[in-house]
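Subject: Structure for your review

Dear colleague,

Please find below the structure that I am handing over to you. My notes on what was found in it follow.

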Amino acid sequence: MPDHDFAVWAPRPEQVRLDVDGTLHPMTRTQDGWWRAVVDAAPDARYGFVLDDDPTVIPDPRSARQPEGVHERSQLWSPSQDAWTDAGWQGRSIEGGVIYELHIGTFTPGGTFDSAIDKLDYLVDLGVDFVEVMPVNAFSGTHGWGYDGVLWYAVHEAYGGPDGLVRFVDACHNRGLGVLIDAVFNHLGPSGNYLPKFGPYMSSGSNPWGESINISDAGSDEVRRYIIDCALRWMRDFHADGLRLDAVHALVDTTAVHILEELSAETDSLAHEVGRPLSLVAESDMNDPRLITPRDQGGLGMTAQWDDDIHHAIHSAVSGERQGYYGDFGTLATLAETLRHGYFHAGTHSSFRGRRHGRPLDTATIPATRLLAYTLTHDQVGNRAIGDRPSQNLTVGQQAIKAALALGSPYTAMLFMGEEWASSSPFQFFSSHPEPELARATAEGRKKEFADHGWDADEIPDPQDPETFTRSKLKWDETADGEHAQLLEFYRALIALRRNEPDMADPWLDNLGVDYDEEQRWFVMRRGALAIACNLGTQAADVPVTGEVVLAWGEPAASKQTTRIDGHSVAVLRGVN
């Protein structure tokens, strides 16, 4: 068997021993808190660490594979040299593209990387540019959203483990699809987090999901390295084209060089090394343009960020919902303001937060493509009380309007799996914690959270019920059925229009025009010689634009000065007056 150099950062214990396939080996401590041992080990050896006098063998914080779950021994893993066939993939930046967010476990009936590969040709036909997979790091249980990860370097075994991820990314690249991986570095899950036994991974602070990660307190240098090395690993070892970084506003960093700036710089260096673009997409609710401002201009250098203001403005205008964070949205004036400026809250009062929020975006220097526009995400459906999609509450015409506004905008666009055919499946919050007390607390906490907001507790799905997971799987046979199929074709045409029309490629908001009539409920978004004319009302309306109808939901009738658009319909016109 070949020698293998085992290492672990563990400044807290006085003694660390290495267990390889049941045999204990001493480890030597270095001055920087690392412990090392060179031991003969098979390429797929099972191993773990024993700390001080506790005989429990616990997994490697940098484990590549956890074949029996996050509480058991790790397994050595490295990809086969002939596993990759994507040498011809040159990649591309996500800016201006169309991203498709999916959850591996519910995207297909099989719920694995391999079964997802079978649907990639469908995504190519749809016209998307990138697949964004919700977290695939190792978490406790068989199924869940993935945001309760505890071993960030390992790939969830139920999806196919690291070899399955290699096959998936390789298959995407061979079809011309980029891959983004959703990475969570702001908290750890409640089951299987052994990191505090090794060192000061956690800080004294907290966020809505638990203890915060130590990225600026004493001992944080190695924790920051742990995060950055993990991020780079997804892009280097698994050939991902970038990351979606979960809730970066929860990364509390008081150092002079923010961890996101540091990660941005190292990602650029890796991009140069591998010879293709790598993108970092941040989820943030701060409306802070410094996040997407280049580092040489004093920013953090993220490629792009999710923009919930755009979602809220479109969704509330179309649906009429005004509860919670939708309270400041809902009018066509708000929709126009948001589409034209990127952020709605830009140093303005937020009634939901009870304070001023955000900062203006300099649209002369920051292109719209650094913001993501979407009408649906895992959050915006899964965090509703019963996980209901817009398809369960809106007409198909209303969904077509939302699609036209997001995909017709100059922003980088994103869809959530099944949105394009008005999937009837909910996307509910589901988990599979094996510990009875944690399972019960999760279920009871979910019911209490929404009962406090007026929901009947009996209506809230039990996240631990396997049926909650099963209900959330897509029903692919719907894609060939009636209005589902019609909406799917509309999405295909919208994405093709976005790709093929030069006026759709302009990334600057200064060239975006909007008109609207609050009373008659029509809204027009202009992109050069194209106009996207929407009727959000239920009755037909004469919209003061005319031209050649390029694409429509409904049957618009253009005259010399106006176009008559049916209720809950939309038309794209060229050569607009």
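A nonpolar core is taken here as a set of buried Ala, Val, Leu, Ile, Met, Phe, Trp, Tyr and Cys residues joined through side-chain atoms within 4.5 Å. Buried means under 20% relative accessible area, exposed means over 50%, and partly exposed is what lies in between (1.4 Å probe, protein chains only).

Please note that this is a predicted model, in which local features need pLDDT of at least 70 and side-chain atom pairs count only at pLDDT 80 or more, while totals for chains, interfaces and linings use all residues. Residues are numbered from 1 along each chain as its sequence is written, and side-chain values use heavy atoms, with hydrogens and water left out.

Nonpolar cores

The largest nonpolar core has 153 residues. Those with the most contacts inside this core are Tyr100, Leu123, Leu126, Leu165, Phe168, Leu245 and Phe523. Helix 6 (residues 220-236) gives the most to the core, contributing nine residues. Helices (H or I, at least four residues) and strands (E, at least two) are DSSP runs, numbered from the N terminus. A second, separate core has 11 residues, among them Ala533, Ala541, Val545 and Ile565. As for Phe168, its contacts (heavy atoms within 4.5 Å) are with Ile104, Phe113, Ala116, Ile117, Leu120, Val131 and Val133, residues up to four places away in sequence not being counted. In soluble globular proteins, nonpolar side chains tend to be buried together.

Packing around helix 8

Helix 8 (residues 308-319) and helix 11 (residues 396-407) have axes that come within 10 Å and cross at roughly 155°. Axes are lines fitted to C-alpha atoms, for helices over the stretch in contact, and angles run from 0 to 180 degrees between N-to-C directions. The crossing angle therefore makes helix 8 roughly antiparallel to helix 11. In this scheme, angles under 35 degrees count as roughly parallel, over 145 as roughly antiparallel, 65 to 115 as roughly perpendicular and the rest as oblique. The crossing of helix 8 and helix 11 is right-handed. A crossing is called right-handed if the near helix is turned clockwise from the far one by less than a right angle, and left-handed if anticlockwise. Helix 8 contributes Ile314, His315 and Val318 to this contact, and helix 11 contributes Gln398, Ile401, Lys402, Leu405 and Ala406. By class, the contact of helix 8 with helix 11 comprises five nonpolar, two polar and one charged residues. Here Ala, Val, Leu, Ile, Met, Phe, Trp, Tyr, Cys and Pro count as nonpolar, Asp, Glu, Lys and Arg as charged, and the others, Gly among them, as polar.

Helix 8 also packs with helix 9 at an angle of about 155°, their axes being 9 Å apart. These two helices are therefore roughly antiparallel to each other, and the crossing of helix 8 and helix 9 is left-handed. The contact joins Asp309, Ile310, Ala313, Ile314 and Ala317 of helix 8 to Leu332, Thr334, Leu335, Thr338 and Leu339 of helix 9. Its residues divide into seven nonpolar, two polar and one charged.

Within helix 9 (residues 332-341), the buried residues are Leu332, Thr334, Leu335, Ala336, Thr338 and Leu339. Their cover includes helix 8, helix 11, strand 22 and strand 23. Just after helix 9, Gly342 takes a positive phi of about 85°.

Most residues other than glycine have a negative phi. Asp52, however, has a phi near 50°; this residue is in the loop between strand 6 (46-51) and strand 7 (74-75) and is partly exposed, at 28% relative accessible area. Arg521 has a phi near 70°, lies in the loop between strand 22 (512-517) and strand 23 (522-527), and is partly exposed at 22%.

Individual sites

Thr468, in helix 13 (residues 466-471), is buried at 0% relative accessibility. Beyond four places in sequence, Thr468 touches Gln428, Phe429, Phe430, Pro461, Asp462 and Pro463. Pro426 is placed in the loop between strand 21 (412-416) and helix 12 (436-451) and is buried, with a relative accessible area of 13%. The C-alpha atoms of Pro426 and Phe469 are separated by 9.8 Å, the two residues being 43 residues apart along the chain.

With kind regards
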